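The following paragraphs lead the reader through the architecture of a single model. Please keep the sequence and the coordinates in view while reading.

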Amino acid sequence: MAQIRPVDDSPFVRLLDREGRVKILDVMIRKPHTQLTADQIADLADIEPSTFHRNKDELEKLDIVHTKRVGNTTQYTTNTDSEIVQALVEAHTELFKHGEEIANSTRYPVEELKSMVLSAEMDRDPSNESW
């Protein structure tokens with residue numbers, strides 16, 4: 001049987017290629033209606049701002065984030081119309097729906113996963129502007 005090898009220019013591989021990028025995606029999925037600066041994204045993702053800047057071009061190429069200048073500040077929002085973003089949101093939601101199953105096989109306690117699910121649901125609510 002032929003072995004399937006990843007294609008380096010595949011959007012899937014490019015998207016999930018780096019841990020920092022995955023952390024950025026997690027923030028952008030959880031805050032889809034919030035305009036965030038690079039520093040805010042880096043802080044929420046627990047990465048260095050330079051990591052965000054190294055990855056933002058790829059996220060823009062894949063049409064996952066929108067960039068907007070507001071005065072002297074650049075703000076980023078999630079492109080919720082993107083099919084990639086919609087698929088990621090669905091996968092993110094499904095993973096959290098099955099949190100108790102995942103908790104049995106990961107380092108996260110069930111209560112922490114439940115808290116993460118609640119937080120993710122609140123973050124997806126466009127009327128919730130709290131951090």
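Two strands are taken to pair if DSSP finds at least two bridges between them. Helices (H or I, at least four residues) and strands (E, at least two) are DSSP runs, numbered from the N terminus. The model is predicted: local features need pLDDT of at least 70, side-chain atom pairs count only at pLDDT 80 or more, and totals for chains, interfaces and linings use all residues. Residues are numbered from 1 along each chain as its sequence is written, and side-chain values use heavy atoms, with hydrogens and water left out.

The protein contains seven helices and three strands. Read from the N terminus, its elements follow the order α-α-β-α-α-β-β-α-α-α. Of its 131 residues, 35% are buried, where buried means under 20% relative accessible area, exposed over 50%, and partly exposed in between (1.4 Å probe, protein chains only).

The three strands form an open sheet in the order 1-3-2, with antiparallel pairing. Strand 1 (36–37) and strand 2 (65–70) are the edge strands; each has a single partner strand, so one side of each lacks a neighbour in the sheet. Two bridges join strand 1 to strand 3 (residues 73–78) in the antiparallel sense, and Leu 36 has Tyr 76 of strand 3 as its bridge partner. Strand 2 and strand 3 are also antiparallel, pairing over six bridges. Here Val 70 lies opposite Thr 73 of strand 3. The hairpin of strand 2 and strand 3 has two residues between the strands, and Gly 71 adopts a positive phi near 65° in it.

Pro 32 belongs to the loop between helix 2 (19–30) and strand 1. Pro 32 counts as buried because its relative accessibility is 9%. Although 47 residues separate Pro 32 from Asn 79 in sequence, their C-alpha atoms are 7.6 Å apart in space.

Attention now turns to the surface. Asp 39 is located in helix 3 (residues 38–45) and counts as exposed because its relative accessibility is 52%. Together with Asp 43, Asp 46 and Glu 48, Asp 39 forms a patch of negative charge on the surface. Such patches are made of residues with over 30% relative accessible area and no salt bridge; like charges are joined within 9 Å, and nonpolar side chains (Val, Leu, Ile, Met, Phe, Trp, Tyr) within 5 Å. A salt bridge is a side-chain nitrogen of Lys or Arg within 4 Å of a carboxyl oxygen of Asp or Glu.

Conventions: Areas by Shrake-Rupley, 256 points an atom, 1.4 Å probe, with all protein chains shown as cover. Lys, Arg positive; Asp, Glu negative; His and termini not counted. Charge placed at Lys NZ, Arg CZ, Asp CG, Glu CD.
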